[in-house]
Amino acid sequence: MNILLIDDDVELSQMLSEYLTNESFKVTAVYTGQEGIDQALSGKFKAVILDIMLPDINGIDVLKNIRQAINIPVIMLTAKGDNIDRVLGLELGADDYVPKPCYPRELLARLRAVLRRVDEQAAQSQGEANSKKYELHNLVLDIPQRQCRWNDVVIELTSTEFNLLALLVKNQDRVVTKEELSEVGLGRARELYDRSVDVHISNIRQKLHQLTKDAVTIETIRAVGYRIR
């Protein structure tokens, strides 16, 4: 399975490449943002591991360029404790993040979780052939096409955002916990003080508001999770 690693730290890149290669991945490492964009858009890779700090184009702008063109899983490498970059990355469509210093085993776990989720999405789309659409008011989620529409206008969602919204719409009669949302949206158990789900939900809210004008909203149930109404 081909993985793209974009990081200007040559020593770290070599170490991570060797570790992931031993875990049956084929890693292509590049050291500049522009080369990373070119490689990511080639369509050869199943996922991207992207550092925030790059010498020519910062990782946030690299992520923007990737997200404008393709929907490929992206894991950001962020400085330890740098919540601003972390949240910004998630807001722009990163699927997950790993803080630096980067421990190979943690990165491997996050990578496998993201890829497992992609495989589950494909299987779900096949398995839900008889339940192709979920609807709430004029909001329609087409599962096989992985498309969300409001009055026939497409709402552009990242893969993670689509998964989270689909879970909320499928369970519109109850509160969906943050733990459930993390398992489905991120492919991993929710961690203490992890705000990844909250940031993704905030993104979905903004996109829904732009079209629905709050005809469809996501309600926060404090200390529990979210409910769509």
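How are H4 and H8 oriented to each other? In this predicted model, the axes of the two helices cross at roughly 45 degrees. An angle between 35 and 65 degrees is neither roughly parallel nor roughly perpendicular, so H4 and H8 are oblique to each other. The points below describe this helix pair and then the nonpolar cores.

**The H4 and H8 pair**

- Helix H4 covers residues 83-91 and helix H8 covers residues 196-212.
- Their axes come within 9 Å.
- The crossing of H4 past H8 is right-handed.
- On the H4 side, the contact is made by Val-87, Leu-90 and Glu-91.
- On the H8 side, Ser-196, Val-199, His-200 and Asn-203 take part.
- Sorted by class, this contact has three nonpolar, three polar and one charged residues.

**The largest nonpolar core**

- The largest nonpolar core has 26 residues.
- Leu-139, Leu-165 and Ile-228 have the most contacts inside this core.
- Two or more residues each come from strand S7 (139-142), strand S8 (147-150), helix H6 (159-170), H8 and strand S12 (225-228).
- H6 gives the largest share of this core, with seven residues.
- Beyond its neighbours within four places in sequence, Leu-165 is in contact with Leu-141, Cys-148, Leu-157, Ile-204, Leu-208 and Ile-228.

**Another core**

- Another core lies apart from the largest one and has 21 residues.
- Among them are Ile-60, Leu-63, Val-74 and Ala-94.

**General background**

- In soluble globular proteins, nonpolar side chains tend to be buried together.

Key:
Residues numbered from 1 in each chain as written. Predicted model: local features only at pLDDT ≥ 70, side-chain atom pairs only at ≥ 80, totals over all residues. Heavy atoms only, no water. Axes fitted to C-alpha atoms, helices over the stretch in contact; angles between N-to-C directions. Helix = DSSP H or I, 4+ residues; strand = E, 2+ residues; numbered from the N terminus. Parallel < 35°, antiparallel > 145°, perpendicular 65-115°, else oblique. Left-handed = near helix turned anticlockwise from the far one by under 90°. Contact = heavy atoms within 4.5 Å. Nonpolar A, V, L, I, M, F, W, Y, C, P; charged D, E, K, R; others polar. Core = buried A, V, L, I, M, F, W, Y, C linked by side-chain atoms within 4.5 Å. Buried < 20%, exposed > 50% of the residue type's maximum accessible area, 1.4 Å probe, protein only.
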